[in-house]
Amino acid sequence: IESVGNPFDPRFHEAIGHVECEEVSPGSIASEFMPGYMINDRLLRASKVLVAKPPQTPSGDKSEVNQKQDTTE
């Protein structure tokens, strides 16, 4: 079963986790942990995969920065 780079499909893939990834679009397969197999149109084993999620950006919340500065004074 071709997985990496394709959209996650629960009929053929078993998600074992999420990973922040910029190489593939969110919701697509970022990496394959264990390959899946089919015979003709029958699924023998689903691919175990990591699903991409968008990278987290810094929150920009300045209250934490201000609190840290206040404690050092």
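A word on conventions. Residues are numbered from 1 along each chain as its sequence is written, and side-chain values use heavy atoms, with hydrogens and water left out. As the model is predicted, local features need pLDDT of at least 70 and side-chain atom pairs count only at pLDDT 80 or more, while totals for chains, interfaces and linings use all residues.

I begin with the whole protein. It has one helix and five strands; helices (H or I, at least four residues) and strands (E, at least two) are DSSP runs, numbered from the N terminus. In chain order, the elements are β-β-β-β-β-α. Of the 73 residues, 19% are buried, where buried means under 20% relative accessible area, exposed over 50%, and partly exposed in between, with a 1.4 Å probe and protein chains only.

Next, the sheet. Three strands form an open sheet in the order β1-β5-β2, with mixed pairing; two strands pair if DSSP finds at least two bridges between them. Since β1 and β2 stand at the edges with a single partner strand each, one side of each has no neighbour in the sheet. β1 and β5 run parallel and are joined by seven bridges. Within these strands, His 18 stands opposite Val 51 in β5.

I turn now to Ser 28. Is Ser 28 buried or exposed? Its relative accessible area is 5%, so Ser 28 is buried. This residue lies in the loop between β1 (13-20) and β2 (29-34). Its side chain makes a polar contact of 3.0 Å with that of Ser 25. A polar contact is a pair of N or O atoms within 3.5 Å; within protein, one must be able to donate a hydrogen and the other to accept it, and residues adjacent in sequence count only if both atoms are side-chain atoms. Leaving aside neighbours within four places in sequence, Ser 28 is in contact (heavy atoms within 4.5 Å) with several residues, among them Gly 5, Phe 8 and Val 51.

The second residue is Pro 54, in the loop between β5 (47-53) and α1 (62-72). Pro 54 is partly exposed, because its relative accessible area is 47%. Which residues does Pro 54 contact, leaving aside its neighbours within four places in sequence? They are Glu 20 and Pro 26. Ser 25, the polar partner of Ser 28, returns here: the C-alpha atoms of Pro 54 and Ser 25 are separated by 7.7 Å, although these residues are 29 residues apart along the chain.
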